[in-house]
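Have a look at the structure first, then read on.

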Amino acid sequence: VALNFPAEQSSLTFGDVELKNDLSAIRNDSPLLLTRNYLHRSSSTPCLSPTGKDLQQRDKSGPIEILGHSDSFNVLKVVVKDIVKAIKMGVDPVPVHSGLGGAYYFRNPRGENVAIVKPTDEEPFAPNNPKGFVGKALGQPGLKRSVRVGETGFREVVAYLLDHDHFANVPPTALVKITHSVFNVNDGVNRNRPRKNLVSKIASCQQFIRHDFDASDHGTSSFPVSSVHRIGILDIRIFNTDRHAGNLLVRKLDGIGRFGQMELIPIDHGLCLPETLEDPYFEWIHWPQASIPFSEDELEYIQKLDPMKDCEMLRRELPMIREACLRVLVLCTIFLKEAAAFGLCLAEIGEMMSREFRAGEEEPSELEVICLEARRLIAERELSSPKSDVRDAEFQFDIDFEEPELDLNPKMATDDFMSRAPFQLGNGCVSNHFPLSKLEECFEEDEEESEEETGQPCFSTFKALERIPSTSKLSMSFKTTSLGDKSQKYSKFSGTKQENGYLNNSSGHRSANEQLPGNVSFVKLADMNEEEWTLFLEKFQELLYPGFEKRKSV
């Protein structure tokens with residue numbers, strides 16, 4: 001639809017297999033590749049670089065078309081009209097030289113910047129990145145392990161669509177199909193394309209907001225409390241992993257910038273809603289404004305948030321969004337609502353979501369510890385249920401689910417049930433991609449005891465799960481495992497070796513999973529089916545208040 005070409009000239013592929021009208025083996029959130037003979041690469045999200053004169057002649061759409069039908073995009077429609085008029089008058093866009101990805105200021109007929117456009121295939125590591133940051137295929141892990149290359153663009157739109165009533169002041173943002181010769185196409189992608197031919201791309205387009213400086217250029221103590229709170233509330237909901245001072249624009253309301261007479265504008269939300277919980281980054285967490293209690297208006301706004309309704313809206317407006325991202329949104333919104341109702345301030349909520357480094361080792365956040373405990377409770381319940389060995393029916397893709405063949409103890413592989421159940425449930429409570437040494441020791445000790453006493457290793461997991469510490473003590477069990485140990489143990493069991501911080505398969509064929517940097521994912525949400533996810537949320541909410549009590553006592 002975006003590129004206006006006939007269906008019979010396109011094909012869908014999964015891996016190396018071309019799909020012939022049969023999608024029965026493909027899960028809704030799996031990466032599908034759209035290809036055609038005029039395209040010299042493929043993508044898992046709509047970010048295509050068409051070439052060929054006949055394609056340009058057949059494409060009758062305008063230079064810029066907004067993809068989406070939300071009324072929220074009405075503001076941008078006016079901006080787009082201005083840009084189109086300027087392009088016809090010969091006012092060309094200007095490349096942005098800062099940042100790691102390709103970005104362009106599009107201008108109005110007077111030559112003023114009115115929008116910033118970021119093509120999704122020019123993101124860091126994407127094939128057409130103009131600044132040398134290339135080397136990965138679209139759909140592989142990017143700057144952040146849990147945000148894939150080519151998928152930051154729609155996240156910019158997510159932040160705008162979730163900013164109900166313009167509460168946090170996110171500038172209007174939409175996905176657009178945009179055609180111009182200014183865009184970059186690297187030689188490796190299309191060696192035959194003459195310079196300055198028109199190129200159509202899918203990009204995020206954000207209204208350019210005039211500002212005086214960013215938050216790194218000014219003392220933060222003069223920022224309005226309400227502005228900090230509102231941006232913080234949004235960052236918590238979308239689990240922003242990149243809220244630094246450089247992406248908070250500051251505009252003086254009185255021309256001078258006296259105390260409180262400033263407006264904050266949050267931008268650059270491409271690293272929000274990761275597919276798994278990791279370490280967020282909140283610049284505001286130590287600002288004095290974040291320790292001031294929420295106002296009545298802010299509490300009312302939080303109380304009215306409906307994560308399920310938000311998910312329905314995002315599925316409708318951005319069909320490419322992954323269910324794993326939506327689960328992070330649901331989890332974080334519930335966490336925010338319950339924490340605010342309990343009486344925690346913004347700084348306390350942010351601290352509960354942030355990891356700590358002790359003696360050079362990364363520990364799970366308080367939020368992750370609660371999630372781990374909820375997963376443990378589900379695992380106990382499922383292991384005691386006769387249905388616990390039927391998970392084979394679900395098809396898992398390599399990039400969406402960590403290697404299921406990974407065994408913490410090789411002996412366990414002899415029993416079919418035991419080699420399957422613990423790991424498809426995330427080791428009972430943790431991601432199986434990076435096994436934790438404490439759990440490994442626990443499994444080994446208990447299996448030895450079990451074999452001595454009964455000669456049946458299959459009961460060891462039940463004992464191991466019983467011995468996993470409770471919420472208040474769980475974080476202590478991670479302290480003896482360094483990040484390097486985790487990577488080495490993964491390598492030992494999977495037959496891969498580590499080079500330059502990345503895991504390489506000895507065969508030379510590297511999957512996206514094997515290129516992940518060696519960091520820790522303590523909690524996975526995507527590997528639960530709907531029934532488990534519903535049960536997990538129930539247990540999660542039950543465990544929140546003890547966690548809040550502990551935070552208050554600290």
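H3 and H6 cross in a right-handed manner (right-handed if the near helix is turned clockwise from the far one by less than a right angle, left-handed if anticlockwise). This is a predicted model, in which local features need pLDDT of at least 70 and side-chain atom pairs count only at pLDDT 80 or more, while totals for chains, interfaces and linings use all residues. Residues are numbered from 1 along each chain as its sequence is written, and side-chain values use heavy atoms, leaving out hydrogens and water.

**Helix packing**

- The axes of H3 and helix H6 (residues 307-317) come within 11 Å and cross at roughly 135 degrees. That makes H3 oblique to H6 (angles under 35 degrees count as roughly parallel, over 145 as roughly antiparallel, 65 to 115 as roughly perpendicular and the rest as oblique).
- Axes here are lines fitted to C-alpha atoms, for helices over the stretch in contact, with angles from 0 to 180 degrees between N-to-C directions.
- H6 also packs with H7, at an angle of about 155 degrees and with the axes 9 Å apart. H6 is therefore roughly antiparallel to H7, and their crossing is right-handed.
- For helix H7 (residues 323-342) and helix H8 (residues 346-353), the axes come within 10 Å and cross at roughly 140 degrees. These two, H7 and H8, are therefore oblique to each other, and H7 passes H8 in a right-handed crossing.

**The second largest pocket**

- The second largest pocket holds about 900 Å³ of space (a pocket is an open set of points on a 1 Å grid where a 1.4 Å probe fits, with protein on both sides within 12 Å along at least five of seven lines; lining residues have an atom within 4 Å of a point).
- Its lining has 44 residues, with Gly99, Ile116, Lys118, Glu156 and Asp268 nearest the centre.
- Strand E7 (113-119), helix H3 (153-162), strand E9 (199-207) and strand E10 (213-214) each supply at least two lining residues (DSSP runs: helices are H or I of at least four residues, strands E of at least two).
- Domain 1 (60-185 + 196-208) and domain 2 (217-382 + 522-553) both give residues to the lining, so the second largest pocket lies between them.

Key. Grid points are joined across faces, edges and corners, and a volume is the space filled by probe spheres set on the points. Domain bounds come from an automatic or database domain assignment.
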